[in-house]
Amino acid sequence: MLEKHSSWYVILIAVSAGVAGLMYGFDTAVISGAIGFLAENYSLSPAMQGWVISCVMIGGVLGVALSGFLSDKYGRKNIMFLSAILFIISALGSAFATGVTMLIFARIIGGFGIGFASALSVTYISECAPPKIRGRLGSLYQLFTIFGICATFYINYGVANSGSYAWGLDTGWRWMLGYGVFPGLIFFVLLFFIPESPRFLMQKGREKEAFQTLKRINGEAVARQEAKEIKISIETEKSSSIKQLLKPGLRMAMGVGIFLALFNQVIGMNAVTYYGPDIFRSVGFENNTEFLATSIIGSVQVAFTIVALLLIDRLGRKKLMAIGSSLMAIFMVLIGSVFYFEPINSGPLLVIFIAGFTAAFCVSMGPIPWIMIPEIFPNHLRAKAVGIATMFLWGANWAIGQFTPILINNMGGAFTFWMFAVINVICFTFVMTIVPETKNKTLEEIGRFWKPKSEQGTEFKKEFNKDLAAGKID
């Protein structure tokens with residue numbers, strides 16, 4: 001158990017860093033409300049609609065690609081400060097855009113900010129949190145992401161009902177996008193109250209500062225052990241390079257990280273998030289009720305992400321992902337069937353099926369990849385490896401944003417959602433066969449898991465001989 005004097009400090013650290021999810025959640029959801037107005041205002045084709053939505057991922061991929069290198073040089077906290085500033089600039093630029101080109105440019109800037117934050121927030125939490133509650137604290141990023149999505153759906157609904165349709169075409173979408181200033185400001189202010197990552201401080205030779213942070217989080221005894229393990233990993237880092245991720249053992253870890261990143265996106269949740277109002281409009285919702293239906297789905301996301309928060313360190317990562325991906329496959333089949341058999345006047349049924357899919361996602365492939373990706377890499381390669389894995393996540397995010405309207409327009413809703421059902425079956429198969437369980441393991445224990453068996457045997461012999469020499473073994 002955490003000591004009483006440290007528990008609130010740990011929660012403050014995790015909440016402050018996790019609030020980065022508000023920015024990601026806001027940007028993910030806000031465009032679903034604005035895109036209908038933008039499409040009509042600027043006569044956007046399905047492909048151009050996809051580009052307006054997905055262009056943010058271009059900045060996201062570049063931000064993620066640079067995040068590991070920049071944070072290793074300047075610190076996790078400083079780059080998170082930069083991410084908040086870029087997001088605020090993006091929100092203002094989007095609200096005052098004079099045309100599609102300016103809007104796209106502003107959204108790409110925001111993508112840089114979200115890319116930095118998405119890679120570093122959970123990495124930072126993983127480097128600070130005690131092992132027994134690391135999963136719970138790490139899932140705060142996803143919780144704030146979902147809260148941001150839900151709140152933004154209601155903001156979109158409120159703005160859409162604040163004036164006439166003509167007002168929405170001219171001004172309403174600007175208010176929707178401009179509200180992004182607030183999550184950026186909240187994240188920026190909270191960062192003043194948290195320390196730099198102890199692992200980064202140790203890496204830069206600031207051992208006293210690192211130890212004081214570890215001590216405040218874990219107590220003195222655990223802090224000394226943590227500090228010792230971090231110093232060992234830093235010594236390893238001096239002779240390491242990113243090429244080590246291609247070696248046996250770590251190559252497998254990199255593969256699992258990329259798999260988790262890809263399937264966080266390609267299983268279909270963001271297709272619903274980005275195009276929710278359009279999807280509900282296609283089955284008969286009108287007069288802004290499509291925004292209300294989307295807001296209900298957002299509420300389901302919040303509720304079941306909280307459920308995940310309670311279960312993730314009890315049931316384990318692997319079990320939840322297996323259950324969730326199998327349920328998501330079933331619900332995607334049902335959603336596709338609505339479009340195939342009776343697309344008109346089947347709105348309530350579609351809401352139920354999408355809510356079921358959303359609930360399954362939010363207890364499995366929603367929060368867990370964000371937690372596991374930082375967990376599975378050794379200290380000396382974590383920031384860079386998380387950056388690489390998150391690049392794949394953002395790349396998949398771009399593909400979903402870009403091609404979903406094209407698929408629905410050309411192939412129909414039934415084919416599109418059945419395709420997502422097949423992807424969920426593939427996800428279930430990979431979870432059951434290659435993903436390890438990391439529940440209740442320290443980061444160092446997880447790092448040893450990826451070592452080739454020959455090295456694990458050598459390491460065991462060294463520890464055995466050391467204990468024998470010390471008289472710990474008769």
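A: L12, V189, F192 and F193 make a nonpolar surface patch of about 400 Å². Such a patch joins residues that have over 30% relative accessible area and no salt bridge, with like charges joined within 9 Å and nonpolar side chains (Val, Leu, Ile, Met, Phe, Trp, Tyr) within 5 Å; a salt bridge puts a side-chain nitrogen of Lys or Arg within 4 Å of a carboxyl oxygen of Asp or Glu. Areas come from the Shrake-Rupley method with a 1.4 Å probe, and for residues only the protein chains shown count as cover.

Please keep in mind that this is a predicted model, where local features need pLDDT of at least 70 and side-chain atom pairs pLDDT 80 or more, while totals for chains, interfaces and linings use all residues. Numbering starts from 1 along each chain as its sequence is written, and side-chain values use heavy atoms, without hydrogens or water.

F193 counts as exposed because its relative accessibility is 53% (exposed is over 50%, buried under 20%, partly exposed in between).

S43 is exposed too, at 66%, in the loop between α2 (20–41) and α3 (46–74). Its phi is positive, near 50°, although S43 is not glycine.

Beyond four places in sequence, L38 touches S43, I31, L44, V52, L103 and W173, with contact meaning heavy atoms within 4.5 Å. L38 and G168 lie 9.5 Å apart, C-alpha to C-alpha, across 130 residues of sequence.

Note on methods
Buried means under 20% relative accessible area, exposed over 50%, partly exposed in between (1.4 Å probe, protein chains only). Helices (H or I, at least four residues) and strands (E, at least two) are DSSP runs, numbered from the N terminus.
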